[in-house]
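Work through the following exercises with the sequence and the model at hand, and try each task before you read its solution.

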There are 2 protein chains.
Amino acid sequence: MPRVIVDVMPKPEILDPQGKAVTGALKRLGYSGLSVRQGKRFEVEVEGEITDERLAQIREAADTLLANTTIEAYNVRVDK
Amino acid sequence: MPRVIVDVMPKPEILDPQGKAVTGALKRLGYSGLSVRQGKRFEVEVEGEITDERLAQIREAADTLLANTTIEAYNVRVDK
């Protein structure tokens, strides 16, 4: 089934407490020099073909439901 | 700064209640024919160059900290 990936990440200017926690945990475990930001990944399986209309619909869904656009940015792409 | 992406998704045979909730919400909002699975996306900024050793380290970190490998699968790749 054709698939669309929606990545949702905290905007660069927004604090990311989860990412900070992971970064700290990595450092304590001995993995230094790594800085992590944490977001969400949605794999969207699409019934039928992925048309431009379908993609626009998914972009709209990302904008209204999947991401909180006040604090998050999203990226929609077809998975090859 | 060079960047590595770690995607963590629930394994196919594992129930994904978040994804199910999103799928249901999309349907109620009029977006039908979409089935969603939800996972996590980590953007890892790496100090210095991304060597094979560095990548192996990040893979180890993904295995022990970022993913719960009983129920989740992960993918590590260099972001271009």
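**Exercise 1.** Decide whether Gln38(A) is buried or exposed, and list what surrounds it.

*Solution.* Gln38(A) has a relative accessible area of 11%, and because buried means under 20% relative accessible area, exposed over 50% and partly exposed in between (1.4 Å probe, protein chains only), Gln38(A) counts as buried. The model is a predicted one, in which local features need pLDDT of at least 70 and side-chain atom pairs count only at pLDDT 80 or more, while totals for chains, interfaces and linings use all residues. Residues are numbered from 1 along each chain as its sequence is written, chains are lettered from A and ligands numbered from 1 in the order in which they are written, and side-chain values use heavy atoms, with hydrogens and water left out.

Finally, look for contacts, meaning heavy atoms within 4.5 Å. Setting aside neighbours within four places in sequence, Gln38(A) is in contact with Met9(A), Pro10(A), Asp16(A), Gln18(A), Gly19(A) and Val22(A), and also with Lys40(B), Arg41(B) and Phe42(B).

**Exercise 2.** Take Gly19(A), one of the contacts of Gln38(A), and describe its setting.

*Solution.* Gly19(A) sits in helix H1 of chain A, residues 17-28, and its relative accessibility is 0%, so it counts as buried. Not counting residues up to four places away in sequence, Gly19(A) touches Val36(A), Arg37(A) and Gln38(A). Its C-alpha atom is separated by 25 Å from that of Arg59(A), which is 40 residues apart from it along the chain.

**Exercise 3.** Which rotation superposes chain B on chain A, and which residue of chain B comes closest to the axis?

*Solution.* Begin with the general idea: two copies of a chain are related by a rotation about an axis and a shift along it. Here a rotation of 180° with 0.0 Å of shift along its axis superposes chain B on chain A, with an RMSD of 0.0 Å, the copies being fitted by least squares on the C-alpha atoms of residues with pLDDT of at least 70 in both. This is the relation of a two-fold axis. Among the residues of chain B, Lys40(B) comes closest to the rotation axis, its C-alpha lying at 2.2 Å. The same surface serves both copies, since 100% of the contact residues of chain B recur in chain A.

**Exercise 4.** How many helices and strands does chain A have, and what pattern do they follow?

*Solution.* Chain A has 2 helices and 3 strands, and read along the sequence they follow the pattern β-α-β-α-β. The C-alpha trace of chain A spans about 45 × 25 × 15 Å along its principal axes, and 41% of the 80 residues of chain A count as buried.

Technical notes:
Helices (H or I, at least four residues) and strands (E, at least two) are DSSP runs, numbered from the N terminus.
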